[in-house]
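Subject: Structure handover

Hello,

Here is the structure I said I would pass on. Please open it alongside this message, as the notes refer to it by residue number.

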Amino acid sequence: MFAFSIGGILAFLNSAIFLVGYISNNTLFPEPLSSEEERKYLELMKNGDEEARNILIERNLRLVAHVCKKYTATRVEQDDLISIGSIGLIKGINIFDSWKGVRLATYVSRCIDNAHLTLRNYMTYSKQHLRHYKGKYRQTIQYNLQTLAELYQKQTSRQQQKTR
């Protein structure tokens with residue numbers, strides 16, 4: 001009676017498991033850093049320690065999932081939202097300066113938001129760009145067909161004049 005696709009069911013289960021894991025919490029993401037640990041790892045990262053940078057990224061993944069909840073109404077899949085948010089997280093951690101007087105979580109959450117907004121703007125621009133070129137292409141086809149019809153009419157009228 002109902003036709004279900006295996007891919008659709010698996011996609012639904014994947015997102016449901018992610019959501020349940022996020023809501024039930026505790027084991028899906030590592031615990032966030034305390035403010036002392038955060039300062040320590042930021043100082044180590046400033047001195048060039050890659051492991052400290054990786055720890056800052058891993059411990060702030062929970063923030064990515066939290067910010068991504070705002071964008072679940074979009075047509076973008078949850079995995080893609082997490083991926084884009086992770087890119088924003090990495091950019092934010094790489095650029096962050098503690099002397100600005102802003103906490104890391106505040107700064108990075110804005111970077112994650114900006115990554116999502118950039119994706120949305122790109123998708124909107126791509127659709128508008130595509131529509132523009134479709135319209136332009138359609139006009140070109142119509143112009144070419146019209147020109148070809150006029151050329152055909154001229155050619156047939158010339159041939160008719162020659163045969164008379």
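Overall make-up

Please keep in mind that this is a predicted model. The protein has 6 helices and 0 strands, so reading from the N terminus the order of elements is α-α-α-α-α-α, where a helix is a DSSP run of at least four residues. The chain has 164 residues, and 25% of them count as buried. Taking contacts in the protein between residues at least 6 apart in sequence, 60% link residues that are at least 24 apart.

Helix 3 against helix 5

The pair I looked at is helix 3, residues 50-59, and helix 5, residues 78-95. Their axes lie 10 Å apart and the packing angle is about 135°. That angle makes helix 3 oblique to helix 5, because it falls in none of the ranges for roughly parallel, roughly antiparallel or roughly perpendicular, the antiparallel range being over 145 degrees. The crossing of the two helices is right-handed.

Which residues make the contact? Helix 3 contributes Arg 53, Leu 56 and Ile 57, and helix 5 contributes Leu 89, Ile 90, Ile 93 and Asn 94. By type, the contact residues of helix 3 with helix 5 are 5 nonpolar, 1 polar and 1 charged.

Leu 56

Leu 56, in helix 3, is one of the residues in that contact. Is Leu 56 buried or exposed? Its relative accessibility is 0%, so Leu 56 counts as buried; the cut-off for buried is under 20%.

Setting aside neighbours within four places in sequence, Leu 56 touches Leu 33, Glu 38, Tyr 41, Leu 42, Met 45, Ile 93 and Leu 104. Ile 93 in this list also belongs to the helix 5 side of the contact described above. As for Tyr 41, 15 residues separate it from Leu 56 in sequence, and the C-alpha to C-alpha distance between them is 7.0 Å.

Cysteines

How many disulfides does the structure hold? The number is 0.

Regards

Notes. Residues are numbered from 1 along each chain as its sequence is written. This is a predicted model: local features need pLDDT of at least 70, side-chain atom pairs count only at pLDDT 80 or more; totals for chains, interfaces and linings use all residues. Side-chain values use heavy atoms; hydrogens and water are left out. Axes are lines fitted to C-alpha atoms, for helices over the stretch in contact, and angles run from 0 to 180 degrees between N-to-C directions. Angles under 35 degrees count as roughly parallel, over 145 as roughly antiparallel, 65 to 115 as roughly perpendicular and the rest as oblique. A crossing is left-handed if the near helix is turned anticlockwise from the far one by less than a right angle, and right-handed if clockwise. Contact means heavy atoms within 4.5 Å. Ala, Val, Leu, Ile, Met, Phe, Trp, Tyr, Cys and Pro count as nonpolar, Asp, Glu, Lys and Arg as charged, and the others, Gly among them, as polar. Buried means under 20% relative accessible area, exposed over 50%, partly exposed in between (1.4 Å probe, protein chains only). A disulfide is a pair of cysteine sulfur atoms within 2.5 Å.
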